[in-house]
Amino acid sequence: MVASAPINRMKRLLPNLLASGDDDGVIKLWDPRKPDAVRRYTHHFDFISDFMWLQDKKQLVATSGDGTLSVMDVRAKKMEPVAQSEDQEDELLSILPIKGGQKVVVGTQLGILSIFNRKSGWGDCVDRIPGHPQSIDALCAIPSHYPNAHSTILTGSSDGLLRAVQLLPTKLLGVVVDHGDFPIERIAVDMNGEGRWVGSAGHEEVLKLTDLKEVFEDEDEDEDDGEDEDEDEDKDSEAEPGEKYAEVHADANREDGSGGDQEGMTKPTTRIDGDDDEQDKEDAEAPSRDEDDPEEEPRKRKRKKERDPLNAIKRKKGKNELEAEPAFFADL
């Protein structure tokens, strides 16, 4: 196997089929059993940045620094792409399927995630998601057993941060690992993408392994803990009257028990049932008397206002008014 230009990306497609993309934009298909490439595509004029394999269609999707992506059918006899996008006016650096393969996300040089819909074709993206301060050089899916795995991805940026991002709706879940000032070139999850560890490699020549369980499951536990605390607070607030009632009776029982042990202390603290009844009656009558007192005053005032309408009322005499006895009008 001899390549004319430095190889920038390689991907295994089938057991006996490999794909390579070099810095000149040439894509070649290789059979390990043969010394030369079996296919050669030259429709790109800049470096090949990433590959994506569509198993259902047996198609290879490639992104390039020339701002376009192309789709090649490895079963076709013609060495031409079956589809190629329009110029996105930005370098396309990484590609990853989401939503069960229905949509494709592409990372760009300007830090924008471009979304392509396979049903709408490969001509142009259907959505653009900004947010990354620098270029998105690598993309990776998370294991399928995590929540929202079909729309959550890991992004490796040239600012050295590996982020967890949820798409549609868009939400930054957090930073997974920090490589410092060194750009992140590649991301992969062990056990063919279904493992526990994610490996990230950057320009510092160090491979960092991060436990995804601590990243995603800790967030779920924090949410559960917050809900449990709220439930406990609600229970405590509901149980406060009963607890206070129990504490009062517990104190009374302790006082009664101590009174039985010390006879000298029983007289000032112990009450007789009769006294308790009388005291309760006095306590019940006291508020009733207090309540009756303010009610008597308005009743007296009402009685004062009730007067005989036939009685003469003292008032100022008007110019045309005469004072007469009621009997004067009886004969009229």
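At 2% relative accessibility, S151 counts as buried, a term that stands for under 20% relative accessible area, with exposed meaning over 50% and partly exposed the range in between (1.4 Å probe, protein chains only). S151 is placed in the loop between β13 and β14, where strands (E, at least two residues) and helices (H or I, at least four residues) are DSSP runs numbered from the N terminus. Residues up to four places away in sequence being left out, S151 touches K99, V165, Q166 and L167, a contact being heavy atoms within 4.5 Å. The model is predicted, so that local features need pLDDT of at least 70 and side-chain atom pairs count only at pLDDT 80 or more, whereas totals for chains, interfaces and linings use all residues. Residues are numbered from 1 along each chain as its sequence is written, and side-chain values use heavy atoms, with hydrogens and water left out.

The chain as a whole contains three helices and 19 strands, and 34% of its 332 residues count as buried. Of the contacts between residues at least 6 apart in sequence, 38% join residues at least 24 apart. The chain exposes about 22,100 Å², of which carbon and sulfur atoms supply 48%; accessible areas come from the Shrake-Rupley method with a 1.4 Å probe, and for residues only the protein chains shown count as cover.

An open sheet is formed by four strands in the order β1-β2-β3-β4, with antiparallel pairing, two strands being paired if DSSP finds at least two bridges between them. The edge strands, each of which pairs on one side only, are β1 (7–14) and β4 (37–41). On average, neighbouring strands of this sheet are turned by 20 degrees against each other, direction ignored, where axes are lines fitted to C-alpha atoms, for helices over the stretch in contact, and angles run from 0 to 180 degrees between N-to-C directions. Strand β3 (residues 27–30) is joined to β4 by four bridges, and the two run antiparallel; L29 stands opposite R39 in β4.

Strand β11 (residues 113–117) has five of its five residues buried, so it is largely enclosed by the rest of the structure. In a regular strand the side chains alternate between the two faces of the sheet. Strand β10 (residues 103–108) pairs with β11 in the antiparallel sense over five bridges, and G107 stands opposite L113 in β11. These two strands, β10 and β11, form a hairpin with four residues between them, and G111 in the turn has a positive phi of about 80 degrees. Three bridges also join β11 to strand β12 (residues 127–129), again in antiparallel fashion, with S114 opposite R128 in β12.

S85, which lies in the loop between β8 (83–84) and β9 (92–98), is buried with a relative accessible area of 6%. Apart from residues up to four places away in sequence, S85 touches T68, L69, F116, W122 and G123. S85 and G121 are 36 residues apart in sequence, and their C-alpha atoms are 8.8 Å apart in space.

Six salt bridges are present in the structure, each being a side-chain nitrogen of Lys or Arg within 4 Å of a carboxyl oxygen of Asp or Glu. One of them joins the side chains of D50 and R9 (3.8 Å, N to O); D50 lies in strand β5 (residues 48–54) and R9 in strand β1, so the pair ties together parts that are 41 residues apart in sequence. Both D50 and R9 are buried. Another joins D159 to R163, with the closest N and O atoms 2.6 Å apart, and D159 and R163 are likewise buried. The side chains of D211 and R196 also meet in a salt bridge (2.7 Å, N to O). D211 counts as buried at 5% relative accessibility, whereas R196, at 40%, counts as partly exposed.

The structure holds one aromatic pair. Rings of Phe, Tyr and Trp (its six-membered ring) pair if their centres lie within 6.5 Å, and planes under 30 degrees apart count as stacked, over 60 as edge-to-face and the rest as tilted. The rings of Y146 and F216 have centres 5.2 Å apart and planes at 35 degrees, so the pair is tilted. Y146 lies in the loop between β13 (136–141) and β14 (152–157) and F216 in helix α1 (residues 212–261), so the pair ties together parts that are 70 residues apart in sequence. Y146 is buried, with a relative accessible area of 7%, and F216 counts as buried at 7% relative accessibility.
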